[in-house]
Amino acid sequence: MSVLTRRADFLAANRGLRIARPGFVLLVNPNGQGQVRYGVTVTKKIGNAVVRNRMKRRFRALLREILPVQGLPGHDHVMIGRETGIERDFAKLREELAMALSRAAQGKGDPPRKRR
């Protein structure tokens, strides 16, 4: 497993499947490299730096725990934090991530968002 660092990788992931959950949005996109990669992003809308960093640490811990077992091989996985994600129970987030990954494995994403 490796970490996404380039902006182009995050933008490419946005073209893949999108699975929204109450605490986060999961983006899954094939990367053509045969390895599992992940990235985390949390915007300033969520809160100050302390809150955003806490959320990113929780998401990274979840991804490191679950992706080796349930992640899609050869895909990029990007978690985008939502406002309710920081206060959600860790076990609940783990459950939601497992459910989102199983939906992604079946190819069932949410319908495309409407542009503003």
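A pocket, as the word is used here, is an open set of grid points with protein on both sides within 12 Å along at least five of seven lines, and its lining residues have an atom within 4 Å of a point. The model shown in these views is predicted.

**View 1. The largest pocket and its lining.** The lining is made up of 21 residues. Nearest the centre of the pocket lie Arg 18, Thr 43, Lys 45, Ile 80 and Arg 113. The space inside the largest pocket comes to about 790 Å³. At least two lining residues come from each of these elements: helix α1 (7-13) and the strands β2 (17-20), β3 (24-30) and β5 (75-81).

View 2. Part of the lining comes from Asn 14, Gly 16, Leu 17, Arg 18 and Leu 27. Asp 110, Pro 111, Pro 112, Arg 113 and Arg 115 also line the second largest pocket. Four of the lining residues are nonpolar, four are charged and two are polar.

**View 3. The packing of helix α2 against helix α3.** Helix α2 covers residues 49-70 and helix α3 covers residues 90-106. Their axes are 10 Å apart and form an angle of about 40 degrees, which means that α2 is oblique to α3. The crossing of α2 with α3 is right-handed.

**View 4. Residues in contact between α2 and α3.** From α2, the contact includes Arg 58, Phe 59, Ala 61, Leu 62, Leu 63, Glu 65, Ile 66, Leu 67 and Gln 70. These meet Phe 90, Leu 93, Arg 94, Leu 97, Ala 98 and Leu 101 of α3. Eleven residues of this contact are nonpolar, three are charged and one is polar.

**View 5. Val 51 in helix α2.** Leaving aside residues up to four places away in sequence, Val 51 touches Ile 46 and Ile 86. Between Val 51 and Gly 74 the separation is 23 residues in sequence, and their C-alpha atoms are 31 Å apart in space.

Note on methods:
Residues are numbered from 1 along each chain as its sequence is written. This is a predicted model: local features need pLDDT of at least 70, side-chain atom pairs count only at pLDDT 80 or more; totals for chains, interfaces and linings use all residues. Side-chain values use heavy atoms; hydrogens and water are left out. On a 1 Å grid over the protein atoms alone, a cavity is a set of points where a 1.4 Å probe fits but cannot get out, and a pocket is an open set with protein on both sides within 12 Å along at least five of seven lines; lining residues have an atom within 4 Å of a point. Grid points are joined across faces, edges and corners, and a volume is the space filled by probe spheres set on the points. Helices (H or I, at least four residues) and strands (E, at least two) are DSSP runs, numbered from the N terminus. Ala, Val, Leu, Ile, Met, Phe, Trp, Tyr, Cys and Pro count as nonpolar, Asp, Glu, Lys and Arg as charged, and the others, Gly among them, as polar. Axes are lines fitted to C-alpha atoms, for helices over the stretch in contact, and angles run from 0 to 180 degrees between N-to-C directions. Angles under 35 degrees count as roughly parallel, over 145 as roughly antiparallel, 65 to 115 as roughly perpendicular and the rest as oblique. A crossing is left-handed if the near helix is turned anticlockwise from the far one by less than a right angle, and right-handed if clockwise. Contact means heavy atoms within 4.5 Å.
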